[in-house]
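Have a look at the structure first, then read on.

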Amino acid sequence: FTDVADLVRFLDADPARDRPLVVLTGEAMIYFLAARHSALEHAEYVLHLVARDLDVPAAGPLLTSQRWLLTQLKQVRPLVVDYRRDPIRTRLARFYPAVGRYLDARYRPCVAFGSYQVFDLRCGAYGDDLTTRGGAR
């Protein structure tokens, strides 16, 4: 629980406080604890299926198009929370390859809190290198 508490404190402070947010881990409690909504709210069900490694191929494109996901990511430019080990974005790329390529090409790991990592388009506001906070394992 310490990892989540450290992550939420980070999300509640500048410069992250006013940034849109996407939590790929499927842990809706992070949105609740951070008093935030998903920047991809209409895709949360699909993201949850991916995070839980459930069968998405049949349902995913019907519920959320890859074009919509890419457009939202490009327009909204959210912070992205993922796991450090076994990242969900790898699973997401199986079902939405262009989204996976976009995240891999544009987003950089900026700060880590234990098992969580925060990705952003630029990490300058957080330091030049990945910073580990809150006792990373």
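## Ground rules

This is a predicted model, so local features need pLDDT of at least 70 and side-chain atom pairs count only at pLDDT 80 or more, while totals for chains, interfaces and linings use all residues. Residues are numbered from 1 along each chain as its sequence is written, and side-chain values use heavy atoms, with hydrogens and water left out.

## The core

Start with the largest nonpolar core, which has 40 residues. The term stands for a set of buried Ala, Val, Leu, Ile, Met, Phe, Trp, Tyr and Cys residues joined through side-chain atoms within 4.5 Å. Buried means under 20% relative accessible area, exposed over 50%, and partly exposed in between, with a 1.4 Å probe and protein chains only. The members that touch the most others are Leu-7, Leu-11, Leu-24, Leu-92, Val-99, Leu-103 and Val-118. Helix 1 (residues 2-11) gives the largest share, five residues. Helices here are DSSP runs (H or I, at least four residues), strands are E runs of at least two, and both are numbered from the N terminus.

Leu-11 is worth a click: leaving out residues up to four places away in sequence, its contacts (heavy atoms within 4.5 Å) include Ala-16, Leu-21, Ile-30 and Leu-79.

Helix 3 (residues 44-51) is mostly covered, with six of its eight residues buried. Among them are Glu-44, Val-46 and Leu-49.

Helix 3 packs against helix 6 (residues 88-95) at an angle of about 110°, with the axes 9 Å apart. Axes are lines fitted to C-alpha atoms over the stretch in contact, and angles run from 0 to 180 degrees between N-to-C directions. The two helices are therefore roughly perpendicular (65 to 115 degrees). Leu-47, Val-50 and Ala-51 of helix 3 make the contact with Ile-88, Arg-91, Leu-92 and Phe-95 of helix 6.

Most residues other than glycine have a negative phi, and most peptide bonds are trans. Here are some spots to check against that.

The peptide bond from Asp-14 to Pro-15 is cis, with omega near 5°. Pro-15 sits in the loop between helix 1 and strand 1 (21-23). Ala-35 is not a glycine, yet has a positive phi of about 55°; this residue is exposed, at 68% relative accessible area. Asp-86 also has a positive phi of about 55°, in the loop between strand 2 (79-83) and helix 6. Just after helix 3, Asp-53 takes a positive phi of about 60°.

How values were computed: Angles under 35 degrees count as roughly parallel, over 145 as roughly antiparallel, 65 to 115 as roughly perpendicular and the rest as oblique.
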